[in-house]
Amino acid sequence: MLVFDGRLRALRAGGAALDRATGESALGAGAELASALPAQLWREARALFESALEGETRSRELWLGEDGRCLTLELGPLRGPAWPEATGVALLLDATARRGAELLAGAPRSAQAGAGGAPVLGLLDMDGRWLLASRALCDLTGYTPAELAGSRLEQIVHAQDARADGGERRRLLDGERTAYRRDWRMYDAAGETLSTIASVSLMRERGGSPLCYAVQLQDVSERRRLEQELRGLGDHDPLTGLRNGRLFAHDLRLQVARSRRYGEVAGLMVLDVDLPGLVAPPAQEAAPAQEAALAQEAALAAEETALGAVARALTRRLRETDLVARIGARRLAVLLPHIDEQGLAVVAEGVERAVLACAVDVDRGLLRPAPSVGATVIDRGCAGAEQALLAADRAVRSARRGG
């Protein structure tokens, strides 16, 4: 990290990457940047330093041909009561190892920081305010550099994560650790939540005095979304999007436990969905095998479409707190918390009407699902989840016998 004045002289400096780029003592207070920085670095980055003094935030990735080192530069204005009006700050990150690995993997060189998987960079002062918000950080959050400069971490980081981060920063100050890595939930300017991994380290001046915190952020929102989808695939039926039998059995056991311990009254409803008129073609020797296979495939597609329509009808009809699951090929189940026997009967009648109203277009007309609905109450006297399912199943068979 390098703080410089309007005459392009060093005011404060520190950090290992800076030492490697300039030498151990080249950037003492008052040193001219033109003579202290490597010639190639200064030649290619001078315009960035000057633009930072004019209030601009810039990013650049530089390859120093003399020794093959790659530096990521983030520069911007430094504003606040502790600094003169024309003061700039630069963050130099040694990206040689990362970019070398990317090049071996075939990634092209990029002149812009943030490309090719580069981290999002920023600097926090000792009070947790943004000293420097890189262009990549602004692109990630939707805020301008001026809006982030001087703002507290809590403006864009979830309050719980920011509080925990304060404790981690104190450990850095106490010398208990040199860096830490945490998950940050961040908010963009539109109020949407981002998932990031933050790596934070304490930068000190050459004398050992704390200078600031260097922050590297990696946006993992897409990764987290895919992880959630994969977890959902393990707990939900891929055809209907409803809970699967394994998750529903867990939900049912929990409800039975609550009912037996606290006296909660709930309802369990089971539906067998018949599809009249949807008959797979019989295996006849006269029928060509290819024709029979196509007919079987069409019947399966119609069945899946009908079950999907029933699932949607149920989720629209029921309360948000009711849990709907597919527990068999054509069998669905619903767990209804906080409902008595009379209310359960009313809901069962409404569900039956809703399913009967589902109609699916097939080649020869409309396919109308016909439900057989059975229900049972779960209360303090319920013997267990299996017994509740058996009672609902008996009610389903009774509904079938009754037409």
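Is His 338 buried or exposed? I looked this up first. His 338 counts as exposed because its relative accessibility is 58%, and exposed means over 50% relative accessible area, buried under 20%, partly exposed in between (1.4 Å probe, protein chains only).

Notes on the source. I am working from a predicted model, where local features need pLDDT of at least 70, side-chain atom pairs count only at pLDDT 80 or more, and totals for chains, interfaces and linings use all residues. Residues are numbered from 1 along each chain as its sequence is written, and side-chain values use heavy atoms, with hydrogens and water left out.

Entry on His 338. I placed His 338 in the loop between strand 13 (331-337) and helix 11 (341-356); helices (H or I, at least four residues) and strands (E, at least two) are DSSP runs, numbered from the N terminus. Its phi is positive, about 55°, although His 338 is not a glycine.

Entry on Leu 8. I found Leu 8 in the loop between strand 1 (2-5) and strand 2 (10-13). Leu 8 also has a positive phi, near 60°, and is not a glycine. Leu 8 counts as buried, because its relative accessibility is 11%.

Entry on helix 7. I checked the length of helix 7 (residues 159-173): at 1.5 Å a residue its 15 residues should span 21 Å, and the end C-alpha atoms are 21 Å apart, so the two agree. The expected span is 1.5 Å times one less than the number of residues. Among the buried residues of helix 7 I noted Asp 161, Asp 165, Arg 169 and Leu 172. Their cover includes strand 8 (179-187), strand 9 (193-204) and strand 10 (210-219), with contact meaning heavy atoms within 4.5 Å. Just after helix 7, Gly 175 takes a positive phi of about 80°.
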